[in-house]
Amino acid sequence: MSTEARKDTGGAIVAAILIGVACLVLWDTTSYVDSDSAVFPRTFSGVLITASAAYIVVWLFGRGEQLSITESGSTIRRLLLITIMIAGTLAMPWIGFIPASLPVFAALTLVAMYDPWTKFRLIVYPIIGTAIVLGFYYLFSKALLVPLPTAELF
Amino acid sequence: MPGLEYLIDALTPINLAFALLGVIAGTVIGAIPGLTATMSVAVLVPLTFAMPTSSALILMGAIYTGAIYGGAYSAILLNTPGTPSAIATTFDGYPLAKKGEGNFAITIACLASVTGGLIGAVALLTLAPPLSKVALAFGPVEYFWLAIFGLTLIAALAEGSLLKGIAGGALGLLLSCIGVAEVAGDVRLTFGFHTMLGGIQIVVALIGLYCIPVLIDLVAAPGHHLNVVTGASGYRLRDAVRYLWGDKFNAMRSSVIGTIVGILPGAGGSIASLVAYSEARRTARPGQIYGKGEPGGIVASESANNATVGGGFIPTLVLGIPGTPPDAVILGALLVQGVRTGPSLFTQQGDIVYTFIWGLILATILMLPTGLLIGRYAYRTIITLPKSLLVPTIAFMTIIGSYAISNNINDVLIMIVLGAGGWVLARFGFTPSPIVLGLILGPIAESGFVQAWTIGTATDDRMGMFFGRPISIAIILFTLFTLLSPIVLKRLKRIKEQAHVD
């Protein structure tokens with residue numbers, strides 16, 4: 001086996017996790033009543049296991065292919081983005097579409113803000129945000145007739 | 001040219017107005033991630049019931065063609081394909097926009113879309129009956145192999161390791177199995193979560209896997225989303241025309257590929273644009289580096305996906321088999337109007353069908369000025385909007401767009417979780433394109449696979465069923481060529497270099 005430094009250990013770990021996912025799929029197929037439902041997921045679980053295992057072997061021989069992604073930036077802002085989006089989505093059925101969307105828009109504006117808050121921005125940004133939320137609300141609910149969530153609490 | 005006498009009917013002010021309105025509406029709708037061509041056509045179907053049949057068809061066809069082009073805006077400016085057929089547009093469109101050439105990329109996309117759209121529509125006008133026979137030559141096993149061919153193409157084309165691409169494609173196929181099985185009705189891979197019963201909607205995955213990672217990276221650091229090259233403003237129409245003329249064989253070949261793939265029901269623009277992109281990359285001239293911002297990649301993808309519009313109408317009108325999902329909606333509207341599709345449509349109701357085809361050609365031509373105008377506006381909006389407004393706006397669009405697919409909050413949650421997961425996978429070289437394409441092609445692949453498996457089992461000739469039919473053998477050979485050619489070429493290059501050193 002090559003003594004060359006192994007590149008892309010993260011990729012090999014993800015490949016191992018994917019093998020686990022494929023095994024989970026194989027286990028799930030044992031509960032199907034009709035064998036027609038199982039044949040396709042079983043076949044492609046096999047493909048996933050083979051491709052992932054082959055990548056792990058490639059990695060063991062020191063030939064892993066690492067993408068040149070340099071990690072930088074604020075992890076906290078990334079986590080806040082996802083958290084706010086999930087929280088806003090969960091709140092929609094309870095407090096309604098517009099009452100949930102306006103705070104989400106405001107919070108995301110704060111998370112993405114790198115420039116100093118001037119008087120102009122303090123006045124104009126909330127107006128633009130409200131206009132965008134209301135604009136999309138009318139486009140979807142009135143023009144495209146999409147039934148947007150209404151408040152269950154009130 | 002057949003049906004030339006109906007050109008005058010298509011040129012009436014009302015039909016022209018419908019064509020223009022349809023193209024504008026379609027372009028705007030297609031540019032918004034989550035709003036698909038199918039949805040936009042479906043929403044407008046009830047409005048068309050009171051219209052003359054040919055005008056209704058022109059409006060729906062114009063929306064459809066505009067939406068397919070509109071998908072390029074978000075692919076180029078946000079790295080998020082507005083429609084599945086714009087996946088290949090992201091490969092070179094976004095890198096080109098990142099370099100500060102976003103306006104050039106959008107103009108190239110517009111010109112290529114018009115070229116592809118016209119070639120597809122002319123094929124519909126002149127060759128519809130003979131070409132429709134292609135659709136009938138494909139059985140379930142051929143569709144299965146076609147889906148696998150599409151997946152190997154994207155595994156080979158996507159950045160990074162081929163093995164990771166194959167694993168991503170297989171993962172996408174497995175994700176497409178979540179929910180109630182179409183073939184036998186078993187509940188699969190939900191692990192007790194009712195949220196997962198409906199499965200993963202394709203557009204939800206498309207938004208999550210492409211758009212959320214862009215947002216995660218956008219929010220993490222200051223600085224502009226796209227670079228802006230000073231002194232290179234405006235439409236850059238002259239540069240784009242010059243480039244397209246130099247790359248005319250790519251545009252023509254991609255349009256022909258798009259037309260032929262469009263004829264195959266279910267295959268659609270995503271496979272067409274990938275096959276065309278693969279061919280463009282394979283025949284690249286020296287100096288053309290695909291995947292790093294090569295305009296030829298946009299030409300291939302956009303001309304192919306717009307050519308599928310005309311191609312998709314061929315089996316729809318001649319055989320009554322919709323080529324793509326929007327075609328299925330339009331077919332439904334035609335049936336409501338009392339139009340009987342079939343080979344006799346062109347002779348018995350030529351006034352309707354030829355007026356519609358000319359209307360589609362006019363709508364495609366109108367896409368040039370409207371597409372350039374809307375594209376420039378979209379580009380200027382994206383580069384001038386401060387990040388603190390761009391991030392919440394895109395995030396808000398992803399939420400409302402994924403909700404609107406089936407009016408379900410669970411889809412939004414799935415979108416966000418998939419997006420965060422996709423961002424993590426991309427860090428380790430598992431790019432989103434194979435996963436998304438696996439999800440898109442999963443239902444076609446499974447239906448073909450299970451049918452072929454059942455027939456093969458019943459006739460005790462499974463191997464012959466999968467590997468013994470002429471079209472299947474041809475597709476398998478193309479698939480093997482796609483998978484093995486990069487490895488063989490790399491090996492040959494190494495041997496050549498070694499010989500040179502020696």
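**Two chains, helix upon helix**

Chain A comes to five helices and zero strands, where helices (H or I, at least four residues) and strands (E, at least two) are DSSP runs numbered from the N terminus. Read from the N terminus on, its elements simply go α-α-α-α-α. The model is a predicted one, so local features need pLDDT of at least 70 and side-chain atom pairs count only at pLDDT 80 or more, while totals for chains, interfaces and linings use all residues. Residues are numbered from 1 along each chain as its sequence is written, and chains are lettered from A and ligands numbered from 1 in the order in which they are written.

How does chain A compare with a compact globule? A compact globule of 154 residues would have a radius of gyration near 15 Å, but chain A comes out at 24 Å. That radius is taken over C-alpha atoms, and the globule rule is 2.2 Å times the number of residues to the power 0.38. Along its principal axes, the C-alpha trace of chain A spans about 65 × 50 × 25 Å. Buried residues make up 30% of the 154 residues of chain A; a residue is buried if 20 or more other C-beta atoms lie within 10 Å of its own, exposed if 12 or fewer, and partly exposed in between, with C-beta atoms placed from the backbone. As for contacts (C-beta atoms, placed from the backbone, within 7 Å), residues 24 or more positions apart account for 72% of those in chain A with a separation of 6 or more.

Chain B has 20 helices and two strands. Its radius of gyration is 22 Å, close to the 23 Å that the globule rule gives for 502 residues, so chain B is as compact as a globular protein of that length. The C-alpha trace of chain B spans about 70 × 70 × 55 Å along its principal axes, and 60% of its 502 residues count as buried. Among the contacts of chain B between residues at least 6 apart in sequence, 79% join residues at least 24 apart.

Next comes the place where the chains meet. Here 53 residues of chain B are in contact with 61 residues of chain A. On the chain B side, the elements that give two or more residues are α7 (162-175), α8, α16, α17 and α18 (432-458). Of these, α16(B) gives the most, with eleven residues. Sorted by class, the chain B side has 39 nonpolar, seven polar and seven charged residues. In this sorting, Ala, Val, Leu, Ile, Met, Phe, Trp, Tyr, Cys and Pro count as nonpolar, Asp, Glu, Lys and Arg as charged, and the others, Gly among them, as polar.

Helix α3 of chain A (residues 75-95) is a handy one to look at. At 1.5 Å a residue, its 21 residues should span 30 Å, and its end C-alpha atoms are 29 Å apart, which agrees; the expected span is 1.5 Å times one less than the number of residues. Which residues of α3(A) are buried? They are L81(A), I84(A), M85(A), G88(A), T89(A), A91(A) and M92(A). Their cover includes α4 (97-111) of chain A together with α8, α16 (387-406) and α17 (409-427) of chain B. Just after α3(A), G96(A) takes a positive phi of about 100 degrees.

Of its 213 residues, L48(A), M60(B), I76(B), I108(B), A167(B), L215(B) and I357(B) touch the most other members. Its largest share, 22 residues, comes from helix α5 (residues 87-137) of chain B. A167(B) touches A15(A), L18(A), L48(A), A51(A), S52(A), Y55(A) and F430(B), leaving out residues up to four places away in sequence.

Some loop residues of chain B deserve a look too. N79(B) sits in the loop between α4 (53-78) and α5 of chain B, and its phi is near 60 degrees, a positive value in a residue other than glycine. N79(B) is buried, with 21 other C-beta atoms within 10 Å. L189(B), in the loop between β2 and α8 of chain B, has a positive phi of about 55 degrees although it is not a glycine. With 21 C-beta neighbours inside 10 Å, L189(B) counts as buried. Q201(B) lies in the loop between β2 (187-188) and α8 (202-220) of chain B. Leaving out residues up to four places away in sequence, Q201(B) touches I405(B), S406(B) and D411(B).

Note on methods
Contact = placed C-beta atoms within 7 Å. Core = buried A, V, L, I, M, F, W, Y, C linked by C-beta atoms within 7 Å.
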